[in-house]
Every structure is written in structure tokens, then in C-alpha cells.
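Subject: Structure handover

Hello,

Please find the structure below. My notes on it follow.

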Amino acid sequence: MSAYRHLQQATVESRTWLLDTPIIQSALNGHISRDEYLAFLGQAYHHVKHTVPLMMACGARLPERLEWLRGALVEYIEEEYGHQRWILDDIRAAGGDPDHAAASRPAPATELMVRYVRDVIGHDNPVGFFGMVFVLEGTSTALATRAAGAIREGLGLSGDAFHYLESHGDLDIGHLAFFEGLIDRLDDDGDLQAVIDTANMVYRLYGAMFRGLETSEGPATEALAHALV
């Protein structure tokens, strides 16, 4: 079994829990409110703005034996830089306040997701960072473009409010193929396990973030508690 296939199988339960989130299923059918869409964009801003700094931190801590992986991070950084600005533009186009969104505190699950990955990089195995890449890009590829079309139609918003979702979904299709090749080059069991462990945790925290967006489901902290059971 390839390393990438092993990663997929070892994370299937956590991935299913994320994809079963009611608001994701509603979004695919265009049945979410503008406030919920704006809330999603706000949380996306709060984790996307950390993507490049986390990549840089990971690259700085990779051992010399993984120099080829550091080179791959350089490519990722060039493509990911500045994407948080797309999100602020989408918030504005959807009728929200981008300045307020940028200044707000992230939801507990969003903050913990970023802090967890930062801790993995700094105090555990920096290769674990790619577990977060696996979750975010895999979820984006599976859902982003489909959800954007349904939400746009359901809310009657212009295409200017979906730059992040639509472009990110298309972009990540290529990223995921590139990522699969990287994972299959990992020849250390500890490195692969670090990716698996991080992916499983990020799936749970990302799922808790989405559950916290469901305005009829209670506070985000309740969703976080269920995620970590």
C-alpha cells in the first residue's frame, strides 16, 4: 500500500465526521444563510492568514534529509501567499464588514487548530504540518467549487463573493496531486505517522469549526466539546 493510500485509510473516520457536518450538507444544496456564509468566510480568514507563516516555520525545522520537502514548501508558499485577501474581498462583496472580520477573535476550534499545528511543528515533528495540508486541500477539492455554485444560487449573490471558494477549489485539485507525490516519497514511518496524527486532529477541529457556524446549534464551544470526545 502506498503511503498516501495509508494516510487516506487511517483518517477515514475523522474525514467522515467532518463531511457529515449538517452545514456542509446544507451548503452543497445552497441552503445556508448569508450570515452563515459570512461566518464561514470569517473563520477561513483566521486560519488562511496563518498558512504561509506555518509553511515557513515547517520549512525552517525540516531536517537536512528532507531537503526535497523544503523545496516543495517553497512552491506552496509562492502559490498560497496573500490568499487571505481574497477572503476579505469576498466578505465585502457578500455585504459583510471585512475590517470587523479581520479584527475579530477566531472561534475556539479555529484558534486551536492553528495553535495545534504550530505546536506540532515546533515541538514534535514538523512533517506533521502536511496533515493540515491534507485536510484543508482535500476538503476544498471535494466541496469548495460545488458548494460555491449552490450557495451563490441560493443566496443570489454575485460571483465576486466567491473568489476564495471557487478559485481555491480549482487550485487545490492540482495541489492534491502534487501532495500525493510528496507523501509517497516519505520513507520514515515516524514522518508518515506524524502526518496521520495531525490530519486526524485537524479533521476534528475543522469539523468543530463548521459545527460552530450553525447558528441554530448553540455556541461554538459546544461543537468543540463534541469534536474532542
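Before the rest, the conventions. This is a predicted model, in which local features need pLDDT of at least 70 and side-chain atom pairs count only at pLDDT 80 or more, while totals for chains, interfaces and linings use all residues. Residues are numbered from 1 along each chain as its sequence is written, and side-chain values use heavy atoms, with hydrogens and water left out.

Helix α12 covers residues 189-212 (helices are DSSP runs of H or I with at least four residues, numbered from the N terminus). Its 24 residues reach 35 Å from the first C-alpha to the last, close to the 34 Å expected (1.5 Å times one less than the number of residues). Of these 24 residues, 17 are buried, so α12 is largely enclosed by the rest of the structure (buried means under 20% relative accessible area with a 1.4 Å probe, protein chains only).

His47 lies in helix α4, residues 34-48, and is buried, with a relative accessible area of 2%. Neighbours within four places in sequence aside, His47 is in contact with Thr110, Met113, Val114, Leu136, Tyr164, Tyr206 and Met209 (contact means heavy atoms within 4.5 Å).

The largest nonpolar core has 69 residues (a set of buried Ala, Val, Leu, Ile, Met, Phe, Trp, Tyr and Cys residues joined through side-chain atoms within 4.5 Å). Helix α10, residues 129-155, gives the most to this core, with 12 residues. Phe40 is among the residues with the most contacts inside the core. Not counting residues up to four places away in sequence, Phe40 touches Tyr164, Leu165, Met209, Phe210 and Leu213.

There are 2 cavities of 30 Å³ or more (on a 1 Å grid over the protein atoms alone, a cavity is a set of points where a 1.4 Å probe fits but cannot get out; lining residues have an atom within 4 Å of a point). Volumes are the space filled by probe spheres set on the points, which are joined across faces, edges and corners. The largest cavity holds about 460 Å³ of space. Its lining has 31 residues, and the closest to its centre are Phe40, Ser140, Tyr164, Tyr206 and Phe210. Helix α10 gives the most to this lining, with 11 residues.

Regards

Conventions. Helix = DSSP H or I, 4+ residues; strand = E, 2+ residues; numbered from the N terminus. Buried < 20%, exposed > 50% of the residue type's maximum accessible area, 1.4 Å probe, protein only. 1 Å grid on protein atoms, 1.4 Å probe; cavity = no way out; pocket = protein on both sides within 12 Å on 5 of 7 lines; lining within 4 Å.
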